[in-house]
Amino acid sequence: MPEWLQSAVVALVPSLVVAVVTAYLTVRLSLRRFHSERWWERKAETYSRVVESLYHVKAYGDAMVREDLEGVQYTPEHKKRLREEYSAGHRELSKATSIGAYIICDDAAKVLDELRKRPRLDWDENPPWEVFEDDARAYGEALTKMREIAKKDLGVS
């Protein structure tokens with residue numbers, strides 16, 4: 001091999017190796033960051049749905065207490081919307097509780113599990129407003145806890 005070709009190979013091989021290694025590491029780090037960001041987005045979306053669901057279930061209980069105790073009259077459309085949001089919220093919370101700490105952190109899963117397992121007032125032994133008030137209180141407390149846990153888990157203030 002001619003000497004000029006040998007010097008060119010000696011000069012190019014290290015540069016080529018550095019370029020390949022740099023490209024490989026850049027791609028690996030970019031993919032890792034992409035997956036990390038997607039996971040954070042998924043967690044944020046899940047927390048958002050859970051918090052919103054807790055709000056809707058609590059709002060329904062609060063509305064039923066106002067209706068029973070204060071005689072507030074809601075239009076049939078408003079009551080229907082409240083019931084639909086309540087039902088959707090319950091479904092979402094049931095799903096999040098079943099999934100548990102797969103997406104949300106252990107503390108958040110524990111709050112949902114405790115909410116589900118809490119003792120409930122008996123409809124036959126208590127007036128409806130007490131049952132609704134107790135539910136609204138429990139969901140309100142869970143909502144407050146969940147907001148704080150979500151902020152901490154997502155690293156936002």
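Predicted model: local features only at pLDDT ≥ 70, side-chain atom pairs only at ≥ 80, totals over all residues.
## Overall form

The chain contains four helices and zero strands. Read from the N terminus, its elements follow the order α-α-α-α. The radius of gyration is 28 Å, well over the 15 Å that the globule rule gives for 157 residues, so the chain is more spread out than a compact globule. Along the principal axes, the C-alpha trace spans about 100 × 30 × 25 Å.

Helix α1 covers residues 3–70, helix α3 covers residues 106–117, and helix α4 covers residues 128–154. When contacts between residues at least 6 apart in sequence are considered, 72% of them join residues at least 24 apart.

## Surface and charge

The accessible surface of the chain amounts to about 10900 Å², and carbon and sulfur atoms account for 57% of this area. Of the 157 residues in the chain, 30% are buried.

Charged side chains comprise 25 positive and 27 negative ones. The centres of these two sets are 6 Å apart.

Side chains of opposite charge can pair when their charged atoms come close. The structure holds 17 salt bridges. One of them joins the side chains of Arg-38 and Glu-41, with an N to O distance of 3.1 Å. Both residues belong to helix α1, where they are three residues apart, or about one turn of the helix.

Arg-38 is partly exposed, at 47% relative accessible area. Glu-41 is likewise partly exposed, at 41%.

In one, the side chains of Arg-137 and Glu-141 form a salt bridge with an N to O distance of 3.2 Å. Arg-137 and Glu-141 are four residues apart in the helix, a separation of about one helical turn. Arg-137 has a relative accessible area of 43% and is partly exposed; Glu-141 is also partly exposed, with a value of 40%.

In the other pair, Glu-148 forms a salt bridge with Lys-151, and their closest N and O atoms are 3.6 Å apart. Glu-148 and Lys-151 are three residues apart in helix α4, again about one helical turn. Both are partly exposed: the relative accessible area of Glu-148 is 48%, and that of Lys-151 is 33%.

## A network of charged residues

Salt bridges also link residues into a network. Its members are Glu-45, Arg-49, Glu-92 and Lys-95.

Lys-43 is located in helix α1. Its relative accessible area is 14%, so Lys-43 counts as buried. Apart from neighbours within four places in sequence, Lys-43 is in contact with Ile-103, Asp-153 and Leu-154.

Thr-46 is another residue of helix α1. It is buried, with a relative accessible area of 9%. Leaving out neighbours within four places in sequence, Thr-46 is in contact with Ile-103 and Ile-104. The C-alpha atoms of Ala-59 and Glu-85 are separated by 9.2 Å, while the two residues are 26 residues apart along the chain.

Leu-115 is situated in helix α3. With 7% relative accessibility, Leu-115 counts as buried. Once neighbours within four places in sequence are set aside, the residues in contact with Leu-115 are Leu-54, Arg-120, Ala-138, Tyr-139 and Ala-142.

Leu-115 and Glu-141 are 26 residues apart in sequence, and their C-alpha atoms are 9.3 Å apart in space. Glu-141 is the residue whose side chain meets that of Arg-137 in a salt bridge. In accessibility the two residues fall into separate classes: Leu-115 is buried, whereas Glu-141 is partly exposed.

Methods:
Residues numbered from 1 in each chain as written. Heavy atoms only, no water. Salt bridge = Lys/Arg side-chain N within 4 Å of Asp/Glu carboxyl O. Helix = DSSP H or I, 4+ residues; strand = E, 2+ residues; numbered from the N terminus. Buried < 20%, exposed > 50% of the residue type's maximum accessible area, 1.4 Å probe, protein only. Contact = heavy atoms within 4.5 Å. Rg over C-alpha atoms; globule rule 2.2 N^0.38 Å. Areas by Shrake-Rupley, 256 points an atom, 1.4 Å probe, with all protein chains shown as cover. Lys, Arg positive; Asp, Glu negative; His and termini not counted. Charge placed at Lys NZ, Arg CZ, Asp CG, Glu CD.
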